[in-house]
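Me: Hi! Could you walk me through this model once it's on screen?
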Amino acid sequence: MNNFTEVFKTFDWEETKRSIYAKTSQDVERALSTQKRTLEDFKALISPSASAYLEQMATISQKLTQKRFGKVIQMYVPLYLSNECNNICTYCGFSYDNKVRRKTLSNMEIMQEVAVIKKMGYEHILLVTGESNQTVHVDYFKKVLNLIRPHFAHISMEVQPLDLEDYQQLTPYGLNTVLVYQETYHQEDYKKHHPKGKKSNFDYRLETPDRLGRAGIHKMGLGVLIGLEDWRTDSFFTALHLDYLEKKYWQSKYSLSFPRLRPFSGGLEPKVTMSDRELVQLICAYRLFNEEVELSISTRESPSFRNNIIKLGITALSAGSKTNPGGYAVEPDSLEQFEISDERSPEEIAEIIAAQGYEPVWKDWDNSLAI
Ligand code: SF4
């Protein structure tokens, strides 16, 4: 197969959904007892039948995570560079049709934000923008990477999907990781939620991780926005995508996130809700399916949920995050992309991690390793 679209088109959403919901206790027990789990086992572990086995899943997930990663949690923070966006996304505060003041940080403003982030202790940073190809383009990213590279050990980006050549150009500037969430693998619903702009091209987005793999990116992050469609089916397609990528681009590392739809200005109600217990089930299912993948939780989740999830399989946490450009220093009151649920400081989160016998890690990578 040349790209994931070819794999994806061999699956039918409704049929996949039916097969997940048809999984029985016997299927779950088989998935729990085996060492090497298949995609069919993953379906069993995310099925409603697995809910009764959550304790067992959590125990195995904890053991596997500690074996592979040790008792450490990687700390990272987002830096929103711009809220300019030409896309309409029904779930986002930065959507083109949302009448808010638009802003892209200047060099000086970026450095003001960086100064505050560095004071918090961060070495891993996630650069975030909307999709505005007139202002936030490859040359802008090169400029920003040049500017901040001396200050961070690991730089991730969550921006618009780019062409292969663009990723090839950015890697030498110190780009380590790219996050590109499919939002939903339900093609019809994807169209409803992305009616205008480049993001409305489902296939281009779906093939972005292939382009990242070909560009030799160090790490890529996948996920869906939970709440747009049936989370079990969307998670199966995420696992399928991960499985395909790992086999094809084995030199790259992978991470997964599970953002649940949060309120924002002019907000969209989730079509499907996911309880905290179901999110724990999903996190454990991913870990049982894949021992290598990094699992990340952002400040979208509540303090109590984040306190309790530390030992259950995740490997990365953000803290003290702002989701508006200038949010740390330049313009703290501008409109956020979505509301933060956990507003505790990085120090508080570090203490909570340490109290559970884990170590918060601020730096586990250095760009010199990439050369
Ligand atoms: S989700 Fe991204 S692309 Fe969509 S409106 Fe928000 S910033 Fe723009």
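Me: In S3, which residue is the bridge partner of valine 128?
Reply: That is glutamate 158. This is a predicted model, where local features need pLDDT of at least 70 and side-chain atom pairs count only at pLDDT 80 or more, while totals for chains, interfaces and linings use all residues. Residues are numbered from 1 along each chain as its sequence is written, and side-chain values use heavy atoms, with hydrogens and water left out.

Me: And in what sense do S2 and S3 pair?
Reply: Parallel, over 5 bridges, with S3 covering residues 154-158. Strands count as paired if DSSP finds at least two bridges between them. The chain gets from S2 to S3 through helix H7 (residues 138-148), in a right-handed β-α-β crossover. Right-handed here means that, with the strands pointing away from the viewer, the path from the first strand over the helix to the second runs clockwise.

Me: Nice. Over how many bridges do S1 and S2 pair?
Reply: Over 4, also in the parallel sense, and S1 spans residues 72-80. Leucine 79 stands opposite leucine 127 in S2. Helix H6 (residues 107-120) carries the chain from S1 to S2, and this β-α-β crossover is right-handed.

Me: Is S2 largely enclosed or open?
Reply: Largely enclosed by the rest of the structure, because 5 of the 5 residues in 124-128 are buried. Buried means under 20% relative accessible area, with exposed over 50% and partly exposed in between (1.4 Å probe, protein chains only). His124, Leu126 and Val128 cover one side, and Ile125 and Leu127 the other. In a regular strand, side chains alternate between the two faces of the sheet.

Me: Switching topic: how many helices and strands are there in the chain?
Reply: 15 helices and 9 strands, taken as DSSP runs numbered from the N terminus (helices H or I, at least four residues; strands E, at least two). Of the 371 residues, 58% are buried.

Me: Which helix holds valine 280, and what does this residue touch?
Reply: Valine 280 lies in H13 (residues 276-289). Leaving aside residues up to four places away in sequence, valine 280 touches Leu54, Phe305, Ile309 and Leu312, where contact means heavy atoms within 4.5 Å. Its relative accessibility is 13%, so valine 280 counts as buried.

Me: Last one: which residues are around the ligand?
Reply: Cys85, Asn87, Cys89, Tyr91, Cys92, Phe94, Ser95, Gly130, Lys199 and Gln337, each with a heavy atom within 4 Å of the ligand.
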